[in-house]
Amino acid sequence: MTFRNGLESLLRPEESVVVLIDHQPFQLTNLNSHDPHMAINNAAALAATAKAFDVPVVLTSVLEAQGGVIFPQITSQFPGQEVINRTFINTWEDQKVVDVVKATGRKQLIIAGLYTEICVAMPAIQAAGEGWDVTVVTDASGGVSLEAHQVAIQRMIAAGVNMITWMAVLGEWQRDWARTEKLPAAVEVMKQYAGASGIAFLWEQQLLNTPVPSKAVR
């Protein structure tokens, strides 16, 4: 059973597997729902977050020879890992991808990719229909227009797919600041990818580590 409310609906790192789909140069050329810089940053941030929490990440591209390789900001985090190159537009029709995901034994399927309305919506809707607990990371995805991105989100929600953003993924996986095992790695992700939040953390560390000037003795 897939829960859509209550504690069991939240993401857990030990149950999660991430599939990053078609973060390639060709798709980026017609990305209009998000600033391309943010799309690259957020996809890389999601990958880094998964790595920090030891969550398996499946990388897949479509027609790589024509569309280009996956952004190096993503692949550099997983040196030597195979990128599954497909001909299927719908990733969930590619048996190799499905087999790799199933082999992880995880039940919470987290998807991000370009474009939201095609390469994300198709596998998300199919997998949800097959009983997977599917979550789409909307800010690590993007469409050819804001309308296309938003309509795709509405369509997936109607199909039972959950929506989230990458920093919320980090928050749900961390869940409790007293869990210190993964905290240093999570903080590094925040510092590198979380923009003002990361900079504010660095500033806080600067202030905490700055000695208070002693009063002059009169």
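Which residues does V137 touch, not counting residues up to four places away in sequence? V137 touches L46, I110, I111, A112, I164, T165, W166 and V169, where contact means heavy atoms within 4.5 Å.

## Basis of the model

This is a predicted model, in which local features need pLDDT of at least 70 and side-chain atom pairs count only at pLDDT 80 or more, while totals for chains, interfaces and linings use all residues. Residues are numbered from 1 along each chain as its sequence is written, and side-chain values use heavy atoms, with hydrogens and water left out.

## The sheet

Helices (H or I, at least four residues) and strands (E, at least two) are DSSP runs, numbered from the N terminus. Six strands form an open sheet with parallel pairing, in the order β3-β2-β1-β4-β5-β6; two strands pair if DSSP finds at least two bridges between them. Because β3 (83-86) and β6 stand at the edges with a single partner strand each, one side of each is left without a neighbour in the sheet. On average, neighbouring strands of this sheet are turned by 25 degrees against each other, direction ignored.

Strand β2 (residues 57-62) pairs with β3 in the parallel sense over four bridges. The bridge partner of V62 is R86, in β3.

## Helices on the sheet

Helix α2 packs on the sheet and touches β1, β2, β4 and β5; its direction makes about 150 degrees with that of β1. Such angles run from 0 to 180 degrees between N-to-C directions, and axes are lines fitted to C-alpha atoms, for helices over the stretch in contact.

Helix α8 lies across β1, β4, β5 and β6, running at about 100 degrees to β6. In α8 (residues 166-174), the buried residues are W166, V169, L170, E172, W173 and Q174; buried means under 20% relative accessible area (1.4 Å probe, protein chains only). These buried residues pack against β1 (16-21), α2 (36-52), β4 (108-113), β5 (133-137), β6 (162-164) and α9 (183-193). Just after α8, R175 takes a positive phi of about 65 degrees.

## Nonpolar cores

A nonpolar core is a set of buried Ala, Val, Leu, Ile, Met, Phe, Trp, Tyr and Cys residues joined through side-chain atoms within 4.5 Å. The largest such core has 38 residues, of which V18, L20, L46, I74, V137, W166 and W173 touch the most other members. The elements giving two or more residues to this core are β1, α2, β2, β4, α8 and α9. Its largest share, ten residues, comes from α2.

A second, separate core of 23 residues includes L109, C119, A124 and V136.

Conventions: Buried means under 20% relative accessible area, exposed over 50%, partly exposed in between (1.4 Å probe, protein chains only).
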